[in-house]
Amino acid sequence: MLRLLGLIIVLFGVILIYDARTIAKDKFSFGDLNEATSGLKIIGSICSIIGSLIVYVSM
């Protein structure tokens, strides 16, 4: 069960990294798109690392 939660967190992080620009265009309305994109990519990277650590520890 814990491994499944870790994989879902990794999936969420990878989606944030890959689709950061389109998510920033759709969800946020402020002008600086590059800052929002880099912020989403950083959050996605952190989520991917945390999720993969959960999967690694639950083995």
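A nonpolar core, as I use the term, is a set of buried Ala, Val, Leu, Ile, Met, Phe, Trp, Tyr and Cys residues joined through side-chain atoms within 4.5 Å. Buried means under 20% relative accessible area, exposed over 50%, and partly exposed in between, with a 1.4 Å probe and protein chains only.

Now the model. It is predicted, so to speak of local features we need pLDDT of at least 70, and side-chain atom pairs count only at pLDDT 80 or more, while totals for chains, interfaces and linings use all residues. Residues are numbered from 1 along each chain as its sequence is written, and side-chain values use heavy atoms, with hydrogens and water left out.

The overall picture comes next. The protein has three helices and zero strands, where helices are DSSP runs of H or I with at least four residues, strands are runs of E with at least two, and numbering starts from the N terminus. The radius of gyration is 13 Å, well over the 10 Å that the globule rule gives for 59 residues, so the protein is more spread out than a compact globule. That radius is taken over C-alpha atoms, and the rule is 2.2 Å times the number of residues to the power 0.38. The C-alpha trace spans about 45 × 15 × 15 Å along its principal axes. Of the 59 residues, 22% are buried.

Which residues make up the largest nonpolar core? There are five: L16, A20, A24, A36 and L40. Helix 2 (20-27) and helix 3 (33-57) are the elements that give two or more residues to this core. A24 is in contact with L33, A36, T37 and L40, leaving aside its neighbours within four places in sequence; contact means heavy atoms within 4.5 Å.

T37 is in helix 3. T37 has a relative accessible area of 4%, so it is buried. Not counting residues up to four places away in sequence, T37 touches A20, R21 and A24.

Now to helix 1, residues 2-18, which holds G6. Is G6 buried or exposed? G6 is at 0% relative accessibility and therefore counts as buried. The C-alpha atoms of G6 and I50 are separated by 7.7 Å, although the two residues are 44 apart along the chain. For the whole protein, among contacts between residues at least 6 apart in sequence, 62% join residues at least 24 apart.
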